[in-house]
Amino acid sequence: VQLQASGGGLVQAGGSLRLSCTAPGSTFSSYDMAWFRQVPGKEREFVAVVGRRGGGGTSVADSVKGRFTISRDNAKNTVYLQMNRVWTEDSAIYYCAARTRGRIIWGVMREASTYDSWGQGTLVTVSS
């Protein structure tokens, strides 16, 4: 699955940004879709996941709960990450990921290793 992420950029602390990730093809709705982020020297960190059609539901990391929202539009083959009230600590490269197989187990879906396709990343820089 080819994923294309976009929407990153420079934003001031307290501001908002929306990331998008598209995945061409007719089976997008059958994928679990997630966002991870990574800063140099650190491991890739889970941000949020939205389940496949029929599985429903979302899960977000505690560090972004109440500020970030993940959603998907299956008609547009797109998953979004709405980032509100951003902090400087949110600066990172953000990656979208697709999980094309496996049961819906929310704890497992927070693990990067369970995803088999990754986008190229989009850089988010939050200035103070």
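In which sense do strand S1 and strand S3 pair, and over how many bridges? Hi everyone, let's start there. Please keep in mind that this model is predicted.

Strand S1, residues 4-6, pairs with strand S3, residues 17-22, in the antiparallel sense, and three bridges hold that pairing. If you'd like a place to look, find Gln4, which stands opposite Thr22 in S3. Now follow S3 to another partner: six bridges join S3 to strand S8, residues 78-83, and these two run antiparallel. Here Arg18 stands opposite Gln82 in S8.

Next, the rings. The structure holds four aromatic pairs, and I'll show you two of them. One is Phe36 with Phe46, an edge-to-face pair with 5.7 Å from centre to centre and 75° between the planes. Phe36 lies in strand S4 and Phe46 in strand S5, so this pair ties together parts that are 10 residues apart in sequence.

Tyr115 is buried, with a relative accessible area of 5%, whereas Trp118 counts as partly exposed at 27%. Ring pairs link Phe36, Phe46, Tyr115 and Trp118 into a cluster.

Last, let's bring in some charge. Arg44 lies over the face of Trp118, 4.7 Å from the ring centre. Elsewhere in the chain, have a look at Phe28: the charged end of Arg72 sits over its ring, 4.7 Å from the centre.

Conventions:
Residues are numbered from 1 along each chain as its sequence is written. This is a predicted model: local features need pLDDT of at least 70, side-chain atom pairs count only at pLDDT 80 or more; totals for chains, interfaces and linings use all residues. Side-chain values use heavy atoms; hydrogens and water are left out. Two strands pair if DSSP finds at least two bridges between them. Helices (H or I, at least four residues) and strands (E, at least two) are DSSP runs, numbered from the N terminus. Rings of Phe, Tyr and Trp (its six-membered ring) pair if their centres lie within 6.5 Å; planes under 30 degrees apart count as stacked, over 60 as edge-to-face and the rest as tilted. Buried means under 20% relative accessible area, exposed over 50%, partly exposed in between (1.4 Å probe, protein chains only). A charge sits over a ring if NZ of Lys or CZ of Arg is within 6 Å of the ring centre and within 35 degrees of the ring normal.
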